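Thanks, everyone. I have one structure to go through, and I will keep to what can be read from it.

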Amino acid sequence: LPLAATIPQDTIFAKIVARQIPATIIFEDEKVMCFQDINPIAPHHYLIIPKKPIAGTCTQIIPCILSPV
């Protein structure tokens, strides 16, 4: 999928990836980061995010993000 040039780089997720905001990281590779939610609704509530903003629909993005995990 193409990188999204229009997505702001100053989001909370971009700051977590850049280590400007602390997070409990569960998994990380060159494409994705998985970390604990700061306000979980379940005991094992994690967020998986791409490390670079990407453009596309959910059906395109989800397989790309989750394939390494």
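The protein chain has two helices and three strands. This is a predicted model, and I will come back to confidence at the end. Along the sequence, the elements run α-β-β-β-α, with the strands between the helices.

The three strands make an open sheet in the order 1-2-3, with antiparallel pairing. On average, neighbouring strands are turned by 15° against each other, with direction ignored.

Take one of the pairings. Strand 2, residues 32–36, runs antiparallel to strand 3, and five bridges join them. Which residue in strand 3 is the bridge partner of M33? That residue is I49.

On to the chain as a whole. Of its 69 residues, 20% are buried. The accessible surface is about 5,000 Å², and carbon and sulfur atoms account for 62% of that. Among contacts with a separation of 6 or more, 33% are between residues 24 or more positions apart.

Finally, confidence. The mean pLDDT of the protein chain is 80, and 68% of the residues reach 70 or more. Where in the chain is confidence lowest, and where is it highest? The lowest is helix 2, residues 58–66, with a mean of 65. The highest is strand 1, residues 25–28, at 95. Where pLDDT is low, predicted coordinates should not be read in detail. That is all I have.

Definitions and conventions:
Residues are numbered from 1 along each chain as its sequence is written. This is a predicted model: local features need pLDDT of at least 70, side-chain atom pairs count only at pLDDT 80 or more; totals for chains, interfaces and linings use all residues. Side-chain values use heavy atoms; hydrogens and water are left out. pLDDT is the predictor's confidence in each residue, from 0 to 100. Helices (H or I, at least four residues) and strands (E, at least two) are DSSP runs, numbered from the N terminus. Buried means under 20% relative accessible area, exposed over 50%, partly exposed in between (1.4 Å probe, protein chains only). Contact means heavy atoms within 4.5 Å. Accessible areas come from the Shrake-Rupley method with a 1.4 Å probe; for residues, only the protein chains shown count as cover. Two strands pair if DSSP finds at least two bridges between them. Axes are lines fitted to C-alpha atoms, for helices over the stretch in contact, and angles run from 0 to 180 degrees between N-to-C directions.
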